[in-house]
Amino acid sequence: MNFSIDPVLEKADIQWQESGEPFSRHYQDIYFSRAGGLAETHHVFLQANDLQQRWLQAEQTNTDSFTIAELGFGTGLNFLATWQLWRRTRPGRLRLHYISCEKYPLAAADLSKVLSNWPELAQEAAALSASYPDHSSGYHRLLLGRNPTTEGIHPEITLDLYFGDAAHMLAEQARQGQTRIDAWFLDGFAPRVNPEMWQESLLEQIRALSGPGSSLSSYSVTGKVIRTLQVLGFQVEKRKGFGLKRQMLFAELMPAAPVKEAKIEGARTELAARPRITVLGAGLAGSSTAWQLARRGYQVIVIDANKQAAGGASGNPQAVLQCRLNRDPSAEWQFNLHSYLYACRLYTWLTHTGHKPFHWHDCGVLTLASAYRHTRKTGSATNYPHYDAQVLHAVTAEQASNIANIRVDEPGVFMPGGGWLNPVLLCESYLSHPDIELICNTRIEQIEHDGACWHLSNPATGFTHQSEIVILATSHEITTMAQGAGLPVSPLRGQVSFVPTTANSGKLSCVVCASRYLTPAFGDDHSIGASYIKNSTDTELSEQEQAENLAAIKADFPGLNLDTPGLLAGRAGIRGGSQDFMPLVGQVPDNRFWQEVDGGSQHLSGHAREVKANHYPGLFVNVGHGSHGVATTALCADYLAAMISKEASPIPASVARCLDPTRFQQRKLRKLSASPRLHSRAPK
């Protein structure tokens with residue numbers, strides 16, 4: 001699988017001038033005009049692209065979102081000025097999506113220092129600084145919002161920070177074929193010092209992500225840039241520049257652009273024409289997906305077979321948020337890292353913006369070497385150079401003891417951003433959105449498509465329901481549906497034990513993971529988990545698993561004096577795990593199509609490395625999160641909602657392929673295509 005994101009993020013090398021302005025040593029240039037950076041931003045970008053008027057017009061035409069993309073995040077000044085203008089304009093239900101590329105991001109301390117130059121942006125700057133990720137390459141999605149108690153619960157703005165080479169980052173988005181940028185800010189360092197930012201291939205990516213009416217502005221009026229934009233179909237004009245700069249550039253993509261790229265499907269969805277959406281499953285995957293769709297303006301119905309939300313594997317009182325670690329940089333590593341980072345930001349944002357509380361405690365997670373006793377046969381359990389120290393760092397036994405506030409006898413790694421939460425309350429928080437309706441105690445046995453919509457039913461009870469779009473978030477039970485029968489998701493039983501706190505255990509200040517995990521006290525109990533039994537759907541408590549949980553923790557932390565009072569206290573849930581330990585998220589492949597491919601595989605060409613799959617119309621899936629659902633469901637839900645809404649994806653195309661539900665069949669096809677026994681005729 002192609003993967004080319006550099007795991008090491010190089011930060012900007014700043015020299016502070018006597019005036020307090022930042023100067024880039026790498027590019028030997030200033031970050032903003034000495035004549036007035038904020039005024040320049042308004043002139044060159046906000047006013048040139050006529051943003052305020054276009055936002056108001058978009059609201060009147062019932063358009064649901066407006067997307068801006070920027071080359072060169074720099075100090076964040078353009079973004080903050082745009083956000084401030086957005087807040088002042090207050091264009092109703094229109095959502096603003098801001099994408100910005102930056103190869104050398106400022107360190108968080110430098111960002112805060114430079115933004116202090118504009119006290120009029122203090123409110124926006126504080127919100128940005130609180131979530132700013134100055135440590136890891138890749139796509140970072142930040143939700144930055146208003147106070148829901150006074151202005152509604154929709155996030156005010158979505159900020160995507162693409163840390164890495166802009167051409168590569170934008171190409172990864174363009175390959176997903178669903179994004180249209182309304183306005184571009186070209187604000188990289190000047191072409192003479194930063195030619196990569198103005199290369200023809202990057203301008204071609206801009207064209208690929210634009211549509212008729214997309215605008216573009218820049219302080220640069222370099223002839224080569226102008227000529228390339230004109231060839232790509234933009235109508236270009238030179239306008240009055242700012243300050244001492246005589247001219248600036250403005251361009252607009254014309255409807256009849258003479259280019260050969262495939263037409264990008266429109267990213268606009270009229271609010272009045274929004275399809276009905278039904279989510280099956282009210283666990284973490286289903287609830288988070290419903291919320292992500294509802295915040296985009298959809299009316300969502302969630303149907304669950306249990307008596308209440310989170311009645312399955314999501315029903316434990318405490319769940320641990322930690323990053324699933326990968327030994328080497330890969331697309332899977334990027335997914336696990338950014339799922340974790342996104343979840344940390346989202347849960348903090350939900351907590352601080354007045355949503356229904358769910359006991360999010362970002363106390364950190366300490367993972368000891370013994371946690372990998374059965375899975376790490378070689379290599380160090382504490383050596384992860386492709387993770388920034390802000391994400392995790394190695395600790396000695398002494399340091400681990402100080403962090404956890406209990407005696408720890410082995411080294412490990414510490415994730416300061418992790419912690420624990422109550423998943424039941426988190427699901428309830430998601431489902432409290434006013435555009436979500438929850439129907440419990442209702443099992444759907446059959447779904448059938450009539451060419452226009454899906455019919456959901458239970459013949460035994462007589463329940464029927466119709467919906468244009470259906471999302472299957474039913475964990476391992478997805479295989480009981482005819483449409484999901486071929487998906488490799490299997491049950492994984494996990495039993496969590498509840499034990500009373502002691503004088504010593506009550507001092508525990510973070511989650512510790514050894515051969516089992518132990519959470520800080522919630523009420524009067526700790527949670528110890530969890531057993532891991534493959535292909536079991538039994539939810540009865542097991543005395544043997546209870547004893548194994550307790551024995552493991554007592555062996556790892558003998559000084560805590562933990563024990564049970566004779567009662568079998570705990571909870572057993574059934575997770576859904578996939579064949580390759582990665583979630584399945586996306587449109588459901590038509591298993592009848594793959595049966596035909598398998599049946600005719602002896603006729604495949606040796607060059608047929610991939611087949612374009614058929615999918616069930618309007619049928620999507622979000623399952624296979626295993627024991628890391630608290631970390632992975634949040635980003636997967638946003639990704640799926642963006643796919644349905646035809647918006648910019650929060651993950652790159654290379655990472656999206658790791659989640660594609662057809663990946664197992666595609667791998668089988670690639671294996672078959674390499675066989676010398678295959679003939680030359682490929683399936684139609």
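This is a predicted model: local features need pLDDT of at least 70, side-chain atom pairs count only at pLDDT 80 or more; totals for chains, interfaces and linings use all residues.
Me: Okay, start with Thr 89. Why does Thr 89 count as buried?

Reply: The cut-off for buried is under 20% relative accessible area. Thr 89 comes in at 11% relative accessibility, so it counts as buried. You'll find Thr 89 in helix 3, which covers residues 77–89.

Me: What makes the link between the side chains of Thr 89 and Gln 52 a polar contact?

Reply: A pair of N or O atoms has to lie within 3.5 Å, with one able to donate a hydrogen and the other to accept it. The side chains of Thr 89 and Gln 52 are joined at 3.1 Å. A polar atom of the Thr 89 side chain also lies 2.7 Å from the backbone oxygen of Leu 85. Leaving aside neighbours within four places in sequence, Thr 89 is in contact with Gln 52, Trp 55 and Leu 56.

Me: Helix 3 also packs with helix 1. Why are helix 1 and helix 3 called roughly perpendicular?

Reply: The label covers angles from 65 to 115 degrees. Helix 1 (residues 37–47) and helix 3 pack at about 70°, with their axes 10 Å apart. The two are therefore roughly perpendicular to each other.

Me: Which residues make that contact?

Reply: From helix 1, they are Gly 37, Leu 38, Thr 41, His 42, Phe 45 and Leu 46, and from helix 3, Leu 77, Asn 78, Ala 81, Thr 82 and Leu 85. By class, the contact of helix 1 with helix 3 has six nonpolar, five polar and no charged residues.

Me: What makes helix 10 oblique to helix 16?

Reply: Angles under 35 degrees count as roughly parallel, over 145 as roughly antiparallel and 65 to 115 as roughly perpendicular, with the rest oblique. Helix 10 (residues 284–294) and helix 16 (residues 629–645) pack at about 40°, and their axes are 8 Å apart. That angle makes helix 10 oblique to helix 16. The crossing is right-handed.

Me: And which residues of helix 10 and helix 16 make the contact?

Reply: Among them are Leu 284, Ala 285 and Ser 288 of helix 10, along with Gly 629, Val 630 and Thr 633 of helix 16. By class, the contact of helix 10 with helix 16 has nine nonpolar, five polar and one charged residues.

Me: Now Val 655. How do you know whether Val 655 is buried or exposed?

Reply: Buried is under 20% relative accessible area, while exposed is over 50%. Val 655 has 2% relative accessibility, so it counts as buried. Its place is in helix 17, residues 653–659.

Me: Where does Val 655 lie relative to Trp 333?

Reply: Their C-alpha atoms are separated by 9.0 Å, though the two are 322 residues apart along the chain. Setting aside neighbours within four places in sequence, Val 655 is in contact with Ala 331, Gln 334 and Phe 335.

Me: Last one: why does Thr 179 count as buried?

Reply: Against the cut-off of under 20%, Thr 179 has 3% relative accessibility, so it counts as buried. Thr 179 is in the loop between helix 7 and strand 8. A polar contact of 3.2 Å joins its side chain to that of Gln 173.

Conventions. Residues are numbered from 1 along each chain as its sequence is written. Side-chain values use heavy atoms; hydrogens and water are left out. Axes are lines fitted to C-alpha atoms, for helices over the stretch in contact, and angles run from 0 to 180 degrees between N-to-C directions. Helices (H or I, at least four residues) and strands (E, at least two) are DSSP runs, numbered from the N terminus. A crossing is left-handed if the near helix is turned anticlockwise from the far one by less than a right angle, and right-handed if clockwise. Contact means heavy atoms within 4.5 Å. Ala, Val, Leu, Ile, Met, Phe, Trp, Tyr, Cys and Pro count as nonpolar, Asp, Glu, Lys and Arg as charged, and the others, Gly among them, as polar. Buried means under 20% relative accessible area, exposed over 50%, partly exposed in between (1.4 Å probe, protein chains only).
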